[in-house]
Amino acid sequence: MSLKILILGVNGFIGSNLSEYILKHRDWSIFGMDIQSGKLEKCLGNPRFTFVEGDITINREWVQYHVKKCDVVIPLVAIATPATYVKDPLAVFELDFEANLAIVRDCVRHKKRILFPSTSEVYGMNPEREFDEETSNFVLGPINKQRWIYACSKQLLDRVIYGYGFEKRLQYTLFRPFNWIGPKLDNIWAAKEGSSRVLTQFVGNIIRGSNVYLVNGGSQRRCFLYIDDAVEALVRIIENKNGGADGRIFNIGDARNDMSIRELAEILVEMIGSYPGYAEAARKAKIVPIESKEYYGAGYEDILVRVPSIRNAETHLGWRPTTDLKTAIRKTLDYYLLAGPTDSADLRETPTTP
Ligand code: UGA
């Protein structure tokens, strides 16, 4: 069956990469809304891609109509940069929780399948070696560490969606991205400190020859996943073979791509230095430790180790990531640095998960 898919926040990192893949490899149609369209150059104009520029909180009628019309709903609109959780926790609650709750309810009303982006951050500071979707506890800090508003908003929505599944038979799948990276992640050309996820923040700093800041020394670790592997998992969830994705939660990440933030900075300086035109800037870029209070503010608290168990995705989706971290970084750098600012200049900030 040729599916109709509604993607809200279609111009974000996940939405744009997923749409490109679907249009190329499947016969499905996509209906997308976003406040911007700079990452959709390969999708716009395709007869199976309908794009409307708009804000999901204002264009409620369009959203409701398309929830009714489509088979699968993927609401990707969210603020997903930690600096914003600290600066503007209410905006995170309003967009990530309230605006998305309305869409969850639209799906309940129209009996539509929803694929919802939860987050690796729900596990918070849980000390387990790896996080399991069904058994791991969520360990969030105190209220005055407002960084946790994101994890908390996502967690509550996970619970609400689960509740709608339990009481009203909502057909849902929750997926938890673990530090996905790749082309179109963030805009590296804007020199705004804290406006990007760590990889793109560091790349932006290095190409300008400015300081790369290691928050609290950079010994904290993340497991990174290349976007093509992530998209493969999402497509398997959409396909939902034998109902294997229904009512399930999937960590989508790669435990093998585990690296400290300091190592990431060092590797990036070295790799960027080998790209034409960036050797001088990479030589100038200094790796500098900084206190989190100074970098993010007092409301920040960090997750020191975050490793996904992906047994659920392996068992029920038959999914396994294949891209090693060096290759993932290389492909991301090729995208940003070989094309140059003119080709990717319109990657303006779109708040999109994760
Ligand atoms: C991110 C975001 O919350 C979401 O995008 C997402 O839900 C989740 O991770 C995910 O993708 O799994 P986090 O990993 O903390 O959270 O975000 P980054 O901004 O990428 O930071 C990673 C680490 O690098 C943090 O420890 C941060 O303190 C550090 N960092 C970041 C620096 O040392 N220097 C910087 O300039 C930026």
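A word on names before we set off: helices (H or I, at least four residues) and strands (E, at least two) are DSSP runs, numbered from the N terminus. This is a predicted model, in which local features need pLDDT of at least 70, side-chain atom pairs count only at pLDDT 80 or more, and totals for chains, interfaces and linings use all residues. Residues are numbered from 1 along each chain as its sequence is written, and side-chain values use heavy atoms, with hydrogens and water left out.

Let's begin with Asn312, which sits in helix H11 (residues 311–317). Is Asn312 buried or exposed? Its relative accessible area is 10%, so Asn312 counts as buried; the label "buried" means under 20% relative accessible area, "exposed" means over 50%, and "partly exposed" covers what's in between (1.4 Å probe, protein chains only). Who are its partners? Skipping residues up to four places away in sequence, Asn312 touches Glu133, Glu134, Ile249, Phe250 and Leu317, where a contact means heavy atoms within 4.5 Å.

Follow the chain on from H11 and you reach Gly318, in the loop between H11 and helix H12 (325–343). With a relative accessible area of 46%, Gly318 is partly exposed. Apart from neighbours within four places in sequence, Gly318 is in contact with Arg236 and Ala313. Now look for Lys241: Gly318 and Lys241 are 77 residues apart along the chain, and their C-alpha atoms are separated by 9.9 Å.

A polar side-chain atom of Thr119 is 2.7 Å from an oxygen atom of the ligand. For Pro177, a polar backbone atom lies 3.0 Å from a ligand oxygen atom. Arg197 brings an N or O atom of its side chain to 3.2 Å from an oxygen atom of the ligand. Taken alone, the ligand exposes 720 Å², and the protein buries 99% of that; these areas come from the Shrake-Rupley method with a 1.4 Å probe.

Stay with Arg197 for a moment. You'll find it in the loop between strand S7 (180–181) and H6. Arg197 is buried, because its relative accessible area is 16%. Arg197 and Ala83 are 114 residues apart in sequence, yet 9.3 Å apart in space, C-alpha to C-alpha.

The loop between S7 and H6 also holds Lys184, which counts as buried at 3% relative accessibility. Lys184, though not a glycine, has a positive phi of about 70°. Asn242 also has a positive phi, near 55°, without being glycine. Asn242 lies in the loop between helix H7 (227–239) and strand S11 (248–252), and at 82% relative accessibility Asn242 counts as exposed.

At 83% relative accessibility, Ile143 is exposed. Ile143 and Lys192 are 49 residues apart in sequence and 27 Å apart in space, C-alpha to C-alpha.

Gln146 lies in the loop between S5 and H5 too, and at 23% relative accessibility Gln146 counts as partly exposed. Which residues does Gln146 touch, not counting those up to four places away in sequence? They are Tyr85, Val86, Pro89 and Gly299. Gln146 and Asp88 are 58 residues apart in sequence and 8.8 Å apart in space, again C-alpha to C-alpha.

Conventions
Polar contact = N/O pair within 3.5 Å; in protein donor to acceptor, adjacent residues only side chain to side chain.
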